[in-house]
Amino acid sequence: MSGHDEVWLGVDLGTQSVRAVAVTATGRIAGAGAEPLTGRREAGRHEQDPEDWWRATAAACGRALRDVPPGAVRAVAVDGTSGTILLTGDDGTPLTPGLMYDDTRATEEARRAGEAGAAVWAELGYRRMQPAWALPKLLWLLDRHDGPARLAHQVDFVNRRLAGHAVPADLSNALKTGAHLIEETWPADVMDALGVPPGTLPDLVRPGTPIGTVCAAAAEATGIPQGTPIIAGMTDGCAAQLGAGRLTVGSWNSVLGTTLVLKGVTEELVHDPYGAVYSHRAPDGEWLPGGASSTGAGVLARDFAGRDLRALDRLAEQHEPARALAYPLVSEGERFPFAAPDARGFLLGSTGDEADDYAAVLQGVAYLERLCFDHLDLLGAPTGGDITLTGGAARSPYWCRLRADVLGRPVILPADPEPALGAAVLAASPGRRVAEVAAEMVAIRGTIDPGPRADRFDDGYLRLVGELERRGWLPAATAAHARARAASDRAAPTQEGTSR
């Protein structure tokens with residue numbers, strides 16, 4: 001680095017690791033670091049140790065800044081998994097484990113929260129409070145904890161350690177805790193009705209707002225210079241969208257990591273009567289609709305552990321479409337493109353051929369991705385803009401091409417597709433429009449067009465749609481719309497490079 005280069009530090013609190021990147025104004029990665037995380041999963045339960053988040057954050061930041069001059073660091077921002085919370089004491093000490101984004105134990109609490117805030121949730125564009133969301137989990141924790149406590153989202157916990165004092169929560173991470181994104185405050189009547197004690201909830205700010213500076217203890221632990229501004233972050237899905245640079249109305253970013261997260265940009269708030277789609281508020285004022293599925297690449301880590309996935313990718317090319325049909329869930333319950341807490345993954349028609357089963361899993365995730373777009377189209381959201389692919393799965397050229405074929409439209413691959421880059425974009429955004437910052441910092445490495453026989457996956461897609469509907473998980477209206485769009489495509493085939 002030259003002596004005058006400036007960098008912004010982005011930190012991504014993921015499921016399996018914490019990743020930090022130091023990024024210049026032109027998007028060059030000046031340093032990067034990662035540290036693994038561990039958790040506990042069983043029967044709808046998923047927990048992590050909050051102290052592990054901080055330990056991993058300190059290690060990842062130290063590696064990212066190893067070759068960066070201290071005077072070059074201008075700001076830091078942190079993103080985290082959506083809906084992950086814990087209770088802390090007034091001093092920020094953890095009182096509970098971190099309940100992760102896909103912990104679904106709070107079923108009864110979700111019903112209570114849904115009823116108490118029905119009018120507010122409808123105004124905000126969604127109809128159902130899901131068990132995996134943060135507000136039901138907050139009620140679940142409060143029911144099992146004696147004494148005063150404060151809510152902390154995953155990002156809040158790390159930001160407090162960075163600052164050395166209490167910090168406000170960003171509206172993005174607070175969405176699933178019931179924050180009113182139009183009024184940008186907590187709905188006091190709803191929280192009172194649910195028995196949330198006064199003083200439990202943090203203050204709220206928009207993403208991109210300065211919330212403090214790095215304290216001396218955090219500077220020693222992380223290598224981030226003392227006094228570095230801390231900028232309010234977002235969820236990992238929203239940060240990935242910033243890192244993909246797709247911030248114009250009608251564009252979408254699909255993050256395929258452990259799970260699948262889809263985020264778009266609209267001028268108006270999208271309302272989903274089926275309770276699967278919700279909208280974040282963009283720092284620049286637009287809306288970011290989308291959702292998080294329970295399908296994703298985590299299935300590969302679980303079902304094909306220790307295997308050479310590159311070699312399996314090559315074998316999967318010989319199984320298009322696969323004989324088996326997979327609905328590959330990482331954990332029990334589905335959240336998007338439909339809400340079904342009782343959904344379970346399945347593999348139908350398996351012949352015991354590992355290559356075919358593997359191909360079925362890749363195709364099943366792509367089918368769910370296509371179903372997400374069909375559901376969004378049903379709701380009237382604009383879906384004809386650019387699509388970028390980010391997340392760990394974007395490193396697989398074969399899976400990216402497969403997804404372009406199943407979607408029947410081109411996909412764009414950013415050069416550094418990761419939420420940590422989006423967090424760095426957010427760190428550089430105070431005083432500017434985030435879209436302008438992203439345009440300068442995000443580079444594109446290529447575009448993949450669908451192949452000439454992309455429609456060969458239509459039958460498998462419609463078979464999965466029918467199976468999900470038959471099991472009572474997929475709403476009939478979404479299934480009918482998916483079939484109608486597929487029939488329209490067949491009646492008037494799209495040209496290569498046009499959108500489905």
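## Salt bridges within helices

Arginine 470 is exposed, at a relative accessible area of 59%. In this predicted model, the side chain of arginine 470 meets that of glutamate 467 in a salt bridge, 2.5 Å from N to O. Both residues belong to helix H16 (residues 458–470), where a spacing of 3 residues puts about one helical turn between them. Glutamate 467 counts as buried, with 13% relative accessibility.

A salt bridge also joins glutamate 108 and arginine 111, whose closest N and O atoms are 2.3 Å apart. These two residues lie in helix H2 (residues 107–116), 3 residues apart, or about one turn of the helix. Glutamate 108 is partly exposed, with a relative accessible area of 41%. Arginine 111 is partly exposed too, with a value of 38%.

## Salt bridges across the sequence

Glutamate 354 and arginine 307 form a salt bridge in which the closest N and O atoms are 2.3 Å apart. Glutamate 354 is partly exposed, its relative accessible area being 32%. Arginine 307 likewise counts as partly exposed, at 40% relative accessibility.

The count of salt bridges comes to 38. One network of salt bridges links Arg40, Glu42, Arg45, Glu47, Asp103 and Arg105.

## Aromatic pairs

The count of aromatic pairs is 11. In one of them, the ring centres of tyrosine 126 and tryptophan 133 are 4.9 Å apart and the ring planes are at 65°, so the pair is edge-to-face. Tyrosine 126 and tryptophan 133 are both buried. Phenylalanine 304 and tyrosine 358 also make an edge-to-face pair, with 5.2 Å from centre to centre and 85° between the planes. Phenylalanine 304 lies in the loop between helix H10 (298–303) and helix H11 (309–316), while tyrosine 358 lies in helix H12 (residues 354–378), so the pair ties together parts that are 54 residues apart in sequence. Both phenylalanine 304 and tyrosine 358 are buried.

Ring pairs also build a cluster, made up of Trp121, Tyr126, Trp133 and Tyr278.

## Charges over rings

Two arginines are placed over phenylalanine rings. The charged end of arginine 471 sits over the ring of phenylalanine 346, at 4.0 Å from the ring centre. Arginine 409 lies over the face of phenylalanine 373, where the distance to the ring centre is 5.6 Å.

## Cysteines

The structure has 0 disulfides. For cysteine 238, the closest cysteine sulfur is that of cysteine 372, 15 Å away, which is too far for a bond. Cysteine 238 is buried, with a relative accessible area of 0%.

Cysteine 400 is in no disulfide either, and its nearest cysteine sulfur, in cysteine 372, is 16 Å away. Cysteine 400 is buried, with a relative accessible area of 0%.

Methods. Residues numbered from 1 in each chain as written. Predicted model: local features only at pLDDT ≥ 70, side-chain atom pairs only at ≥ 80, totals over all residues. Heavy atoms only, no water. Phe/Tyr/Trp six-rings, centres within 6.5 Å; stacked < 30°, edge-to-face > 60°. Buried < 20%, exposed > 50% of the residue type's maximum accessible area, 1.4 Å probe, protein only. Helix = DSSP H or I, 4+ residues; strand = E, 2+ residues; numbered from the N terminus. Lys NZ or Arg CZ within 6 Å of the ring centre and 35° of its normal. Salt bridge = Lys/Arg side-chain N within 4 Å of Asp/Glu carboxyl O. Disulfide = S-S within 2.5 Å.
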